[in-house]
Amino acid sequence: MSILGNRVLRREDPKLLTSGGTYVADLEIPGALQLTFVRSTVAHGRIVSVDVEAARAAPGVVGVFQHDDLGLEPMPPGMAFLNPLMTRPLLASSVVRFVGEPVVAIASETAAQGEDAAEFVVIDYEPLPAVVDLEEALKDEVLLYPEAGTNNCFSLQFGHQDTLFDGCEVIVRQRIINQRVAPCPLECRAAAALMEPDGRLLFYSSTQTAHGVRDTLATSLKIDADQVHVIAPDVGGGFGAKASVYAEDIVVGWAAKHLERPVRWIETRTESMLGLGHGRGQIQDVEIGGTRDGRILAYRIDVLQDSGAYPAIGAVLPFMTRTMATGVYDIPKGECSSNSVVTNTVPTVAYRGAGRPEATA
């Protein structure tokens with residue numbers, strides 16, 4: 001149904017239900033190399049050393065890359081008003097901040113050769129205290145970004161009215177945990193890149209935001225946006241998690257440009273559970289005041305938002321929670337404030353309504 005209530009004919013269904021779709025993994029790209037990522041096995045730690053020599057000598061390996069090889073700037077936080085000091089390197093350089101964070105990228109002739117070579121990479125970590133509890137993160141006793149001096153990346157503070165519940169006969173208080181969830185699309189993340197004869201970068205992506213991918217690639221790789229051609233084939237589920245642009249996407253584009261060969265990356269299901277952005281992740285302290293006969297007069301919600309290790313759109317979910325805090329109900333007075341903190345977990349992104357289902361719950 002459309003917003004007007006009339007029937008909408010879905011044009012894509014017959015093909016998807018009969019002959020099937022064409023996804024990034026289905027594309028025939030002659031000579032394409034496979035990219036494999038070696039990921040952090042610790043939630044928080046300093047990288048003491050990385051030994052990739054055995055991986056470089058492994059059969060079928062064309063290149064092994066670390067942070068300094070890329071020569072690219074870290075990704076800024078996902079929204080302009082987030083703490084600008086909380087940037088994300090495309091491959092972890094000195095510190096890892098969540099299990100699954102990419103540290104090394106391996107380009108090989110086949111996916112199997114890349115997986116084999118990844119086993120030869122030896123990374124020595126100095127473990128650091130990991131922060132996964134939101135209230136502990138808010139205390140700033142263990143900092144993910146010492147240079148920032150805080151784990152708080154975004155706040156919405158409008159003050160508390162001491163008189164908010166004046167006239168209420170009953171006040172009910174409750175803490176609600178809206179736990180983080182892992183999106184699980186049928187098609188995991190996938191990307192493929194190659195240089196076209198005219199010098200443009202052709203990039204295939206399983207994405208909900210082709211223009212966002214184009215602009216991020218152009219900015220990161222320092223090329224004009226009109227020199228990046230992004231195509232999103234059939235996408236096997238996105239749910240908001242594929243509305244973000246990931247570090248792996250940029251490394252795929254860089255590798256194709258650097259190696260002057262087509263490069264593709266098809267995420268495994270294990271990688272998807274480790275690296276695809278999570279959703280939700282709120283602690284909500286709620287107070288509702290009203291009369292004994294059931295008339296609600298005032299509502300207050302304080303939100304503590306889990307942003308994960310690198311602030312992205314998930315850090316600003318409380319803005320949408322505030323927008324819908326009182327829902328469609330006739331509540332005369334309402335307040336909402338929030339703090340978003342970084343933790344040693346997968347970054348939080350948009351998922352199925354992004355902040356608004358949290359308000360409804």
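Two strands count as paired if DSSP finds at least two bridges between them. Keep that in mind for the strand pairs in this talk. The model on the screen is a predicted one.

Start with one pair. Strands β3 and β5 run antiparallel, and four bridges join them. Take V64: which residue of β5 is its bridge partner? The partner is I106.

Now widen the view. β3 and β5 belong to an open sheet of seven strands. The order is β3-β5-β1-β12-β9-β10-β11, and the pairing is mixed. Which strands sit at the edges? They are β3, residues 61-65, and β11, and each of them pairs on one side only. From one strand to the next, the twist averages 20 degrees.

Helices pack on this sheet. One is α4, residues 111-118, which touches β1, β3 and β5. The direction of α4 makes about 25 degrees with that of β1. Another is α7. Helix α7 lies across β1, β3, β5, β9, β10 and β12. Relative to β9, α7 runs at about 25 degrees.

Next, the cores. In soluble globular proteins, nonpolar side chains tend to be buried together. Here the largest nonpolar core has 31 residues. Those with the most contacts inside this core are L35, L70, L90, F203, L217, V251 and V252. Several elements each supply at least two residues, among them β1 (33-39), β5 (102-108), α6 (210-221) and α7 (247-259). Which element gives the largest share? That is α7, with seven residues.

Look at V251 in particular. Which residues does V251 contact, leaving aside its neighbours within four places in sequence? The list is L35, F37, L70, L90, L91 and A105. There is also a second, separate core, with 21 residues. L144, L304, V342 and V346 are included in that second core.

On to another sheet. This one is open too, with five strands in the order β7-β15-β14-β13-β8. Its pairing is mixed. The twist here averages 10 degrees from one strand to the next. Within β15, V341 stands opposite N152.

One more strand to point out is β2, residues 45-51. Strand β2 pairs with β4, residues 95-96, in the antiparallel sense over two bridges. There, G45 has V96 as its bridge partner. β2 is also joined to β6, residues 122-127, by six bridges, again antiparallel. In that pair, I123 of β6 stands opposite V50.

Finally, the chain as a whole. How many helices and strands does the protein chain have? Ten helices and 15 strands. The radius of gyration is 23 Å, close to the 21 Å that the globule rule gives for 361 residues, so the chain is as compact as a globular protein of that length. Along the principal axes, the C-alpha atoms fill a box of roughly 75 × 55 × 35 Å. Of the 361 residues, 49% count as buried. Among contacts with a separation of 6 or more, 81% come from residues 24 or more positions apart. The accessible surface comes to about 17,300 Å², and 54% of that belongs to carbon and sulfur atoms.

How values were computed:
Residues are numbered from 1 along each chain as its sequence is written. This is a predicted model: local features need pLDDT of at least 70, side-chain atom pairs count only at pLDDT 80 or more; totals for chains, interfaces and linings use all residues. Side-chain values use heavy atoms; hydrogens and water are left out. A nonpolar core is a set of buried Ala, Val, Leu, Ile, Met, Phe, Trp, Tyr and Cys residues joined through side-chain atoms within 4.5 Å. Buried means under 20% relative accessible area, exposed over 50%, partly exposed in between (1.4 Å probe, protein chains only). Contact means heavy atoms within 4.5 Å. Axes are lines fitted to C-alpha atoms, for helices over the stretch in contact, and angles run from 0 to 180 degrees between N-to-C directions. The radius of gyration is taken over C-alpha atoms; the globule rule is 2.2 Å times the number of residues to the power 0.38. Accessible areas come from the Shrake-Rupley method with a 1.4 Å probe; for residues, only the protein chains shown count as cover.
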